[in-house]
Amino acid sequence: MRLTALTERHFDDYAAMLADPESTRWVGDGQPLDRTNAWRSLAMLLGHWQLRGCGMWALELKSTGEFIGRVGFMYPEGWPDLELGWMLKPEHQHMGYATEAGNAALDFVWSRLHAPRVISLVRIGNEASDRLAERLGGEHIEDMDFYGSHSHVFAYYPPHREHRRAYA
């Protein structure tokens with residue numbers, strides 16, 4: 001598995017993933033997207049890098065270059081904090097790819113962005129993502145209503161947070 005920049009070459013596979021109800025069940029309003037809205041989604045993710053200095057990466061299989069999902073960060077207007085999120089095609093779930101990619105993304109945010117905290121918003125009922133957030137070191141800190149969805153909020157802190165908090 002490798003993380004790489006999302007580009008237009010990923011669009012057909014990205015649009016197919018977003019058109020799949022199983023892929024979108026726990027993301028956004030839970031509804032699949034048509035190609036026009038998938039294009040808008042991709043454009044927003046690319047623009048996020050320009051506006052915030054971070055964003056989502058494409059997940060590809062090293063052996064074939066196949067696009068299998070996305071992972072990375074979002075912090076658009078209205079979000080409660082910098083969010084680590086993921087979405088994998090159903091046939092590539094439960095294989096460890098999201099854990100590996102999530103750990104790489106967290107390494108990036110601690111070493112490059114020096115973020116004091118990252119969260120994941122996981123819809124209540126999405127037990128697989130709850131378990132993933134816990135494997136990545138997330139602490140379930142609260143539940144909240146987020147754009148009409150009841151969500152668990154998992155918080156991640158830099159590896160040396162206790163030391164930093166001692167001086168806060």
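The largest pocket of this predicted model holds about 1,200 Å³ of space. A pocket here is an open set of points on a 1 Å grid over the protein atoms alone, where a 1.4 Å probe fits, with protein on both sides within 12 Å along at least five of seven lines. Its volume is the space filled by probe spheres set on the points. Local features need pLDDT of at least 70, side-chain atom pairs count only at pLDDT 80 or more, and totals for linings use all residues. Residues are numbered from 1 along each chain, and side-chain values use heavy atoms, without hydrogens and water.

**The largest pocket**

- The lining has 48 residues, and W26, V27, R70, W86 and M87 are the closest to the pocket centre. Lining residues have an atom within 4 Å of a point.
- Strand 4 (residues 83-88) gives the most to this lining, with 6 residues. Strands (E, at least two residues) and helices (H or I, at least four) are DSSP runs, numbered from the N terminus.
- The lining divides into 23 nonpolar, 17 polar and 8 charged residues. Asp, Glu, Lys and Arg count as charged; Ala, Val, Leu, Ile, Met, Phe, Trp, Tyr, Cys and Pro count as nonpolar; the others, Gly among them, are polar.

**Aromatic pairs**

- The count of aromatic pairs is 9. Rings of Phe, Tyr and Trp (its six-membered ring) pair if their centres lie within 6.5 Å; planes under 30 degrees apart are stacked, over 60 edge-to-face, and the rest tilted.
- W57 and F108 pair edge-to-face, at 5.1 Å centre to centre and 90 degrees between the planes. W57 sits in strand 2 (residues 56-60) and F108 in helix 4 (residues 97-113), 51 residues apart.
- W57 is buried at 12% relative accessible area, and F108 is buried at 17%. Buried means under 20%, exposed over 50%, and partly exposed in between (1.4 Å probe, protein chains only).
- W79 and Y147 have ring centres 5.9 Å apart and planes at 40 degrees, so this pair is tilted. The two residues lie 68 residues apart in the chain.
- W79 is partly exposed at 23%, whereas Y147 is exposed at 59%.
- W49, W57, F73 and F108 form one aromatic cluster.

**Helix 5**

- In helix 5 (residues 127-135), S129, D130, L132 and A133 are buried.
- These buried residues fall within an arc of 165 degrees down the helix axis, so they line one face. The arc is taken from the directions from the axis to the C-beta atoms.
- E127 and R135 are exposed on the other side of helix 5.
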